[in-house]
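Please examine the sequence and the model shown below.

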Amino acid sequence: MTKVVKLDRDNPDINLIDEAASILLNGGLVAFPTETVYGIGANSLNPDAVAKIFIAKGRPQDNPLILHISEFQDLFKYAKNVPNDALKLARQFWPGPLTMIFEKSDIVPSINTAGMNTVAIRMPSNKIAHTLIKRAGIPVSAPSANLSGKPSPTDASHVISDLYGRVDMIIDGGSCDVGVESTVVDMTGEIPTILRPGGITKEMIMGVVGSVEVDPIVYKKPSLDVKPKSPGMKYKHYSPDAEVYIVKGNIGDVIKKIQELTEFQLNNGKKVGIMATEQTCEKYRNGEVLVVGNRERPETIAKNLFRCLREFDKKGVDVVYAEGFDYDEIGLAIMNRLEKAAGYKEINV
Ligand code: TXA
Ligand code: MG
């Protein structure tokens with residue numbers, strides 16, 4: 001049985017938080033909101049509890065989890081050789097949507113790290129998440145609370161549709177602010193390296209530590225012969241049931257191309273979805289048009305991206321044409337998730 005509880009994101013009922021905390025301490029699973037996406041949490045220090053996460057999600061065992069902490073000092077319990085740059089980044093961006101990879105300490109059970117000698121750590125800022133971890137008094141391992149392969153959940157309704165009956169509790173704390181998963185930065189090398197772009201952008205990290213690299217896997221389709229540093233990046237993620245194509249280029253040409261393609265597909269009896277923006281939506285006369293956000297405020301696009309992908313599935317469209325975006329700032333995270341949803345299929349005009 002799954003208990004669903006609703007909590008006020010700014011002022012969560014502490015009795016319900018404590019009930020969730022005791023589920024975690026008893027080896028159970030709790031799905032909870034964070035500022036990025038919803039997570040499915042277990043006590044990191046209990047290998048049997050962590051094992052349940054992989055089963056509930058249908059997640060491959062070789063994909064490691066993020067340990068979520070609530071106190072800065074806990075970083076040193078679970079990570080070894082924390083470099084100075086990491087302290088600077090933590091001071092600036094924690095609590096918040098930044099995950100850092102370190103050498104793991106011996107007390108982190110290896111099921112969390114898929115046997116690797118590194119560990120991913122993040123301190124979430126969402127008040128429900130933060131309070132839950134603090135009251136439980138343990139680190140909480142939490143991947144995104146979707147079935148493996150589905151878009152990450154940014155609303156409790158997504159979690160309920162994927163995980164109801166598979167976890168002990170689902171906390172409904174409303175919709176997530178950032179909408180894409182945390183930025184993952186490898187801190188074990190000479191220069192911090194972004195393995196997964198997110199709400200803390202390359203530009204923001206650069207502003208604090210001066211130099212940062214972006215792992216090539218962020219930009220291109222993973223090939224079978226390259227072993228990615230972040231195992232999660234090799235899986236086809238975030239994919240809706242429909243075939244997704246990104247149409248890239250000058251926005252005027254993109255609109256024309258999508259109009260043409262939509263016409264063609266409709267004539268072939270296909271149901272077409274169009275992922276448009278506030279600036280462009282009125283140009284499309286045919287197809288199921290969803291507005292993902294405002295081009296002038298790309299954070300709105302990040303926030304709504306996964307919800308839109310799930311809505312296209314609900315509408316039962318066969319094909320989705322998505323307008324492309326610039327790769328700078330939060331655009332890097334948006335395009336990375338869109339490319340994965342599209343299986344890297346794009347049309348350049
Ligand atoms: O925003 C988020 O990070 C959400 C919320 C719930 O906190 N969590 C999340 O977890 O997205 P998950 O498991 O869906 O993604 C974690 C990513 C995966 O790509 C995984 O491969 C990578 O982090 N990762 C975890 N540990 C790692 C490690 N030791 N080295 C390299 N990559 C690691
Ligand atoms: Mg995930």
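Which residues does the UniProt annotation "domain: YrdC-like" cover? According to the unreviewed UniProt entry, this annotation covers residues 14-200. The end C-alpha atoms of the span lie 29 Å apart, and the span is 29% helix and 21% strand. This is a predicted model, in which local features need pLDDT of at least 70 and side-chain atom pairs count only at pLDDT 80 or more, while totals for chains, interfaces and linings use all residues. Residues are numbered from 1 along each chain as its sequence is written, and side-chain values use heavy atoms, without hydrogens and water.

A search of the whole structure finds two aromatic pairs (ring centres within 6.5 Å; planes under 30 degrees apart count as stacked, over 60 as edge-to-face, the rest as tilted). The ring centres of Phe72 and Phe76 are 5.9 Å apart and the planes stand at 80 degrees, so this pair is edge-to-face. Phe72 is partly exposed at 29% relative accessibility, as is Phe76 at 38% (buried means under 20% relative accessible area, exposed over 50%, partly exposed in between, with a 1.4 Å probe and protein chains only).

Tyr245 and Tyr321 form a tilted pair, 5.8 Å centre to centre with 35 degrees between the planes. This pair links distant parts of the chain, since Tyr245 belongs to strand β13 and Tyr321 to strand β16 (residues 319-323), 76 residues apart. Tyr245 is partly exposed at 23%, whereas Tyr321 is buried at 2%.

Note on methods
Chains lettered and ligands numbered in written order. UniProt positions renumbered as here; feature names shortened; annotations may be inferred. Helix = DSSP H or I, 4+ residues; strand = E, 2+ residues; numbered from the N terminus. Phe/Tyr/Trp six-rings, centres within 6.5 Å; stacked < 30°, edge-to-face > 60°.
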